[in-house]
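Open the model in your viewer and keep the selection tool at hand. The stops below go from one element to the next.

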Amino acid sequence: MKLFEQGVLHEKDYIKDLALTWVKQVNLDQAFKETVPLMEAGVELIYQGVIQYEADGVLYQGRPDLLKKVSGKSKFGDYYYEPIDIKSTKELHSEQKYQLVFYGLVLKQIQGIFPTQAAIINRDKETVPFLMDEEQKQKTVSHMEVILAIIKGDKPPLKLVSSCKQSPWFNKCVSEAEAANDIALLYRLDSRSHSALRQNGINTLKDAAKMDVGALPKIPFATKEVLQRVKLQAQSLMDGKLIWLAKPQLPEPVLKIFFDIEGDPLLQTQYLFGFWVSGDSEFKFAKVGHVRKHKTDDRYFLYFLAEDPSEEANLWKQFLQWLEILPDDDYAVFHYANYENSWTKKLADKYGGSQKFTQFHSRLFDLENARKASVIFPLYFYSIKDIAKSKFVNFKWRNAKAGGAQSVFWYEQWLEEADCDLLNDIIDYNEDDVRATEYFYLWLKKFMVTEQTI
């Protein structure tokens, strides 16, 4: 809802100064009947026009934000129309390309020519052009054929990927996959491998748990090593137990720093750097940034916050100042997955680094890699939240809504409403994230593998 609202506001702001003809009719068929005469009359810019045609009982219909008149030959005369969509993204995404090509295919039926050029207006009100070549047309038509097959009653194979979590149908997808005990439940098995596995009789977790990897032919997007891991993942899910591969290999310095970044992909802003610091009983390194000390022990939460996207550079500057008081050696910075590694590099390129930053970056330790090398969980997904919330690690976040997307939502609400409770929710969530990272580190550390080692 938030994204939709932002898109609408951005669109209204962009069109307010344009000389355009607006098709305001809500009924799509009626709007189409209004749009075609405008195209025939050669109107320069049509806003919210409807384009459509019918073939073999299927209605192909779209509503481009803008139809722009350009020079060329069409059934209308010495001009034709190109589609333009107004988006709240920075770059042109693949799904937006399919949308534009689809508009082009529909326009060809109306004006007799396929427009090879289209564009989006991005969130900065810049025109991002898009060349709709034959390859893009084929990709779009391929997607359309899949959709048409579904409309005609062909149920697509089960698929479960991390992006499904943001879908309102996520629970339904999981329940269907669980009911079928389907290989879609297997973590990091590329869905493009599924059909080849099914052709070889591997449809369920039970099949995968018993498969002879060496006897299988080449499976697209899955090496023998990947398939061996998938086999173990299936066994873990079938038994509901951990499978240990090796003793966890973890650094154990006196000073341990657990690190997590909160970023807003919509604003392309990193707005919170959070650190859970263990091993600094004298609080020597708690002299820069915001600090939350805890009464129960000498660990503490330290963070740097950009209360507005314009403050990102200042956040980075404070972070670099903090690095200057860290020791030159004998500490490690633990994080989970690549986000902290990649974004600190990007921000150093953007705002400048330092020798201390180079040292800090060299001490990053990704616990995801340690997990991959040591243990398989009976889980469908492996984010830090999936693992930490599991019955094995059993860490609990304070806020039931806590999550990366929720943090972004809170941040954008904060920018609009300046409600300090929202800012506190964001900070609490980040603190829980870094504490969960430590919790998982300590959980890995205590496990000495004596059984089920492979």
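**A helix across a sheet**

Select α10 to begin: this helix lies across β10, β11, β14 (331-335) and β15, at about 70° to β10. Contact means heavy atoms within 4.5 Å. Helices (H or I, at least four residues) and strands (E, at least two) are DSSP runs, numbered from the N terminus. Axes are lines fitted to C-alpha atoms, for helices over the stretch in contact, and angles run from 0 to 180 degrees between N-to-C directions.

This is a predicted model, where local features need pLDDT of at least 70, side-chain atom pairs count only at pLDDT 80 or more, and totals for chains, interfaces and linings use all residues. Residues are numbered from 1 along each chain as its sequence is written, and side-chain values use heavy atoms, without hydrogens and water.

Next, show the sheet. Its six strands run in the order β12-β13-β11-β10-β14-β15, as an open sheet with mixed pairing; two strands pair if DSSP finds at least two bridges between them.

Now select β10 (residues 255-264) and β11 (residues 269-278), an antiparallel pair with nine bridges. Phenylalanine 259 faces phenylalanine 275 in β11.

Glu312, Ala313 and Trp316 of α9 meet Thr344, Leu347, Ala348, Lys350 and Tyr351 of α10.
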